[in-house]
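Subject: Structure handover and findings

Dear colleague,

Please find below the structure I am handing over to you. My notes on what was found in it follow directly after.

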Protein chains: 4
Amino acid sequence: MIIIMSSETGEAQIKAVVDRLAAMGLDSNVSQGVERTVIGAIGDENKIDKESIQALPGVEDVIRVMKPYKIVARSFHKGDSVVDIKGIKLGGNQIQVIAGPCSVETQEQMNLAAQGVADAGCRLMRGGAFKPRTSPYSFQGKGEEGLTLFRNAAEKHNLPIVTELMDVRMLDTFMEHDVDVIQIGTRNMQNFDLLKEVGRIKKPVILKRGMSATISEWLMAAEYIAAGGNHDIIFCERGVRSFETYYRNVLDVTAIPVLKKETHLPVIVDPSHAGGKAWMVPALSRAAIAAGADGLLVEMHPNPCEAWCDADQALTPQELKDLMGELKGIAQVIGRDI
Amino acid sequence: MIIIMSSETGEAQIKAVVDRLAAMGLDSNVSQGVERTVIGAIGDENKIDKESIQALPGVEDVIRVMKPYKIVARSFHKGDSVVDIKGIKLGGNQIQVIAGPCSVETQEQMNLAAQGVADAGCRLMRGGAFKPRTSPYSFQGKGEEGLTLFRNAAEKHNLPIVTELMDVRMLDTFMEHDVDVIQIGTRNMQNFDLLKEVGRIKKPVILKRGMSATISEWLMAAEYIAAGGNHDIIFCERGVRSFETYYRNVLDVTAIPVLKKETHLPVIVDPSHAGGKAWMVPALSRAAIAAGADGLLVEMHPNPCEAWCDADQALTPQELKDLMGELKGIAQVIGRDI
Amino acid sequence: MIIIMSSETGEAQIKAVVDRLAAMGLDSNVSQGVERTVIGAIGDENKIDKESIQALPGVEDVIRVMKPYKIVARSFHKGDSVVDIKGIKLGGNQIQVIAGPCSVETQEQMNLAAQGVADAGCRLMRGGAFKPRTSPYSFQGKGEEGLTLFRNAAEKHNLPIVTELMDVRMLDTFMEHDVDVIQIGTRNMQNFDLLKEVGRIKKPVILKRGMSATISEWLMAAEYIAAGGNHDIIFCERGVRSFETYYRNVLDVTAIPVLKKETHLPVIVDPSHAGGKAWMVPALSRAAIAAGADGLLVEMHPNPCEAWCDADQALTPQELKDLMGELKGIAQVIGRDI
Amino acid sequence: MIIIMSSETGEAQIKAVVDRLAAMGLDSNVSQGVERTVIGAIGDENKIDKESIQALPGVEDVIRVMKPYKIVARSFHKGDSVVDIKGIKLGGNQIQVIAGPCSVETQEQMNLAAQGVADAGCRLMRGGAFKPRTSPYSFQGKGEEGLTLFRNAAEKHNLPIVTELMDVRMLDTFMEHDVDVIQIGTRNMQNFDLLKEVGRIKKPVILKRGMSATISEWLMAAEYIAAGGNHDIIFCERGVRSFETYYRNVLDVTAIPVLKKETHLPVIVDPSHAGGKAWMVPALSRAAIAAGADGLLVEMHPNPCEAWCDADQALTPQELKDLMGELKGIAQVIGRDI
């Protein structure tokens, strides 16, 4: 940790900082510059509360030099971590496209969707039984019944299922239904109690990025899960909020190489929620894979115009199939398969 | 709802939209313009899923003309709603400053804090027993014990207590401790299950704005609470995320007159989390009151440098007292008291 | 144009709007809904000043239904426009990578850079003689002398030159030096007098996106150039400002398919300024091409560590060569060459 | 300057950094921490190009400890600088409200406007003769004729005039018309050639904040003017771009106390462009003055509904008068007059 003193700081204030650091078990390196004094704290900076140093008289700025995340950090595990989902590997050489409808509606819809997912060559299926809707008056999802419909449809094609958990009280139900991958949505990225609970179980977790979360906050949210013992975490970039109104969010492709540098965990991209329109999905999907993503989370509906939510962003089964073809080519160029 | 068709739309596509609207029970007003056709849907637009219309062929844009919020809307209740907190009115002519430390630490700290709150002339006290921290390795709050320490300190001065609820499973505990005002934090503004639960109880709720929530999303989050039957909701503006790194968030003062226009519910401001530095708090507090806020949520600690979290943004008891003096003058200018 | 009246509007206010529209030569379609009245203005909405309607009593919102841009709009020219730069086509099937140093420094540096550009198989060269620097005390570019050094180096390899024009008074100098492509930088995207001037000449213009410009503002800035008669405009996405501090800007890949839909003009991407670090450039470049960009604007320096500006974001000549290899594969997958 | 080396850095890389600093005339303080090595550069860090250090192998981050701005910095001039505009002081105890229409339209309109400005008790008048419009097809201002109309109207009431300069080639014209205060608009905040030119003259300059400019960039833009010799600079906060669509920009009140700390120069606020609606102006104006602004730049039109631009954000003469009354009270509370 580096403490930058303001330009008019006197000896007493410098001493007070050094004493405070010493009380916390850290040594100090005081460097008197031309304009200001800089104090380097030597030792484990995670012992220090940055704000409490910041609050001391004469302190202008406090800068951390160590990463706040540990288990999820690339330095914790040099190689790429591969998450195993019932034998399907995510994070390795093979790219995984997780496809399916925004929400579970009926058994027939789910059966058709599962068929479409399998036909396109995807190996994992998504679908929401509990939906986080902006309005309390909108369809809130089929609930537990949706999990049953989903499982019925998916198992005919041996597709592991991915679905969102919103309420910590539903975790037991998710375990009873043996949900294969638990998704933590954008609005819950910093629902710390929920993160702690999924950290205690043995199920892969997809952690979506918060609406305007920094990379560091996102890594720290994953650290909450990892700290509980569950290291099977998959980051999912889904765009961040911006001033642009043409599309729903700005897909942050830069986050892909950055996460690959900072963490050993897999990174996937949701092009559907990022753009918010089906016609943008192919371009965004190609970009994500080209930038190094380990997979995608894509919305597909057997009949988009009839979808109960987000109808305008779902691909048709045929469009998904075509997209898989395009992605195959890009995967090969960067030495991967799909 | 207005449906704008793309410029090359044909008769069949227009008819399909009109038919879809009719199936939902809405009439259509088709207006053939020079460049494009515009369809006005006449009837209750809340019956229609915007995205499902958006997904129809030839539709370029769909625009709502009705507000999505109902109970919280100004049109639902023309006058200003006043929330009664054990006899203290929030939202009326008297401005309320809710002060106290970021987190509950010890009985002694809370006693000194409560003394400072009362001495400054504030009528409500804040303090966190459960803390949403970015890092799982940071102090997470005293938990339930904190509620006891808080109540002990506050009741000597007859100060109702305001504290944050993060986990829906802790609601019963909050009720047992008879917490006077439940705060829903920034990270939980769209934790819909939590909102639904506090919508079922009879306790005032302070709903903080999400990190980058729009005014509309914020009003809809309040609608979740209101829809459950609890109309005692207080909005708390606490700054939104921006590109500026000099301060933590941009305090959005414009949100104050906008909320006053859109909703009948009280609006308060948290200048401490907005700026993130104690020295910014007086200027931001004056601005908030001058812009029409009904109150403030301010951090004060008996000894900021020793605070266990957010040490750099807490006022001292004396600074709080001085601030109350300044605010009194501004309140008078705009015809209110404090 | 659609005018949404507030819910309490009376007959007189509606009439006033209709009369105002009539005075401007537009017909009205009044649609009385359940909650509010909506007025559709029929005729050329570009004759109407949106704000003057917005200011009328009882008007709640005014929504344009026509695009404000004309010449640059896809509807103006259905096919893709191809810009010809001394025989090199930009916007056609062949992807163009424009490479070179951030700033012109010395003849030797430029000679080595030009050699590197040609060796990598690029056909156009970039280099800044006039530099927009945040600080008045930083190196401001070599000025006119830089144009000479640049031309000397580039012509040995028959590379047309691309360089930034900041000051409208330097346009004659640029013409004398026969600069092949004029770049309008991010900070000047809405320097309307500069746009008007480059609209009057016969030289291709690269128009970089403003720091936080919307797609619509960017298209309108291009419309300023086009309105003057110069239709050889190339859009250059270079990232938009965000809250993230890990990288300089968020590269907005979604802008690529959106521009391809809205305009017939070519779109290129600057991955160097977007990420701000050389190690991010390959991933961002691959993403841009995969998403459909017609080219790139990449920083390369013969010796990055010695560069006079933006040293940390320049590729080495070898890295550029390797990148070109990767991009070749991606181009083929999407049916293009490079 | 502090250089943070990455955790795997070896001796050779550290030596390379130290050598590079030595070559630039700076000493080094090498501090070997538990996880990483930190190098403090001792000497004038403005001699060093941050990026060139950043580009060296093993360097993870480079942090400046000195402010990049000099003349505009509070440390350059401890007291508040007061700008004298024909005897009217801006930046002292008296608050100045600069009012007038968005654009100069006719002599009659300007006469009525000037009357309204004087009647309300304002001492300075604003009005645009050259307008930066998003569309090339919108009214672009009356041009030079507008300056004459403006002067005619203002001089009857002895009101110094404030107007925007967009094109560096018009500076001589502005000098001939003896414009009293030159305004540099949002879109030109980083038009460095324009800043350099107004730095060479002896006229006060109002420098509006860029659409999404950081405080530091804004101070550096002012430094461009100051470096040329013109120290009569007034900062004008006018809101920054955000994701919110309800209002045009987020008025950044926090910028007021921050600028007051960082610079000795006056700070004013434009509440009209910030909110974009006339009904928001009173609340924003009160907030700005309460937060410590030295003045306001407010749009007022004798007949807003007939205004040629930004009709929806102009106050009427009576509304301006009423606002001045409210502001008088707030000014008194904070020990100022108006």
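In strand E14 of chain B, B:Leu296 is the bridge partner of B:Val97. This pair, like everything below, comes from a predicted model. The pair belongs to a parallel arrangement in which 5 bridges join strand E7 (residues 96–100) of chain B to E14(B). Strand E13 (residues 267–269) of chain B also runs parallel to E14(B), and 2 bridges join them. Within that pairing, B:Ile268 has B:Gly295 as its bridge partner in E14(B).

How much of E14(B) is buried? Strand E14 spans residues 295–299 of chain B, and 5 of its 5 residues are buried. In a regular strand, side chains alternate between the two faces of the sheet. In E14(B), both faces are covered: B:Gly295, B:Leu297 and B:Glu299 are buried on one side, and B:Leu296 and B:Val298 are buried on the other.

**The sheet of chain C and its helix**

In chain C there is an open sheet of 4 strands, ordered E2-E3-E1-E4, with antiparallel pairing. Which strands stand at the edges? They are strand E2 (27–32) and strand E4 (59–63) of chain C; each has a single partner strand, so one side of each is left without a neighbour in the sheet. Direction ignored, neighbouring strands of this sheet are turned by 20 degrees against each other on average.

The partner of E2(C) is strand E3 (residues 37–42) of chain C; the two run antiparallel and are joined by 6 bridges. In this pairing, C:Ser31 stands opposite C:Val38 in E3(C). Helix H1 (residues 11–23) of chain C lies across strand E1 (2–5), E2, E3 and E4 of chain C. The helix runs at about 10 degrees to E3(C).

**Chain A as a whole**

Chain A has 338 residues, of which 59% count as buried. Its secondary structure comprises 11 helices and 14 strands. Taken along the principal axes, the C-alpha atoms of chain A fill a box of roughly 75 × 45 × 40 Å.

The chain is divided into domain 1 (2–63) and domain 2 (74–333). The C-alpha centres of these two domains of chain A lie 44 Å apart. As for the contacts in chain A between residues at least 6 apart in sequence, 64% join residues at least 24 apart.

**How chains A and B are related**

Chain B superposes on chain A by a rotation of 180 degrees with 0.0 Å of shift along its axis, at an RMSD of 0.0 Å. The two copies are therefore related as by a two-fold rotation axis. Which C-alpha of chain B is nearest the axis? That of B:Ser212 is, at 3.3 Å from the axis. The same surface serves both copies, as 100% of the contact residues of chain B recur in chain A.

Between the two chains, 37 residues of chain B are in contact with 37 residues of chain A. On the side of chain B that touches chain A, the elements giving two or more residues are helix H2 (50–54), helix H6 (192–198) and helix H7 (215–227) of chain B. H7(B) supplies the largest share of this side, 5 residues. By class, the side of chain B that touches chain A has 18 nonpolar, 9 polar and 10 charged residues.

With kind regards

Methods:
Residues are numbered from 1 along each chain as its sequence is written. Chains are lettered from A and ligands numbered from 1 in the order in which they are written. This is a predicted model: local features need pLDDT of at least 70, side-chain atom pairs count only at pLDDT 80 or more; totals for chains, interfaces and linings use all residues. Copies are superposed by least squares on the C-alpha atoms of residues with pLDDT of at least 70 in both. Two residues are in contact if their C-beta atoms, placed from the backbone, lie within 7 Å. Domain bounds come from an automatic or database domain assignment. Ala, Val, Leu, Ile, Met, Phe, Trp, Tyr, Cys and Pro count as nonpolar, Asp, Glu, Lys and Arg as charged, and the others, Gly among them, as polar. Two strands pair if DSSP finds at least two bridges between them. Axes are lines fitted to C-alpha atoms, for helices over the stretch in contact, and angles run from 0 to 180 degrees between N-to-C directions. A residue is buried if 20 or more other C-beta atoms lie within 10 Å of its own, exposed if 12 or fewer, and partly exposed in between; C-beta atoms are placed from the backbone.
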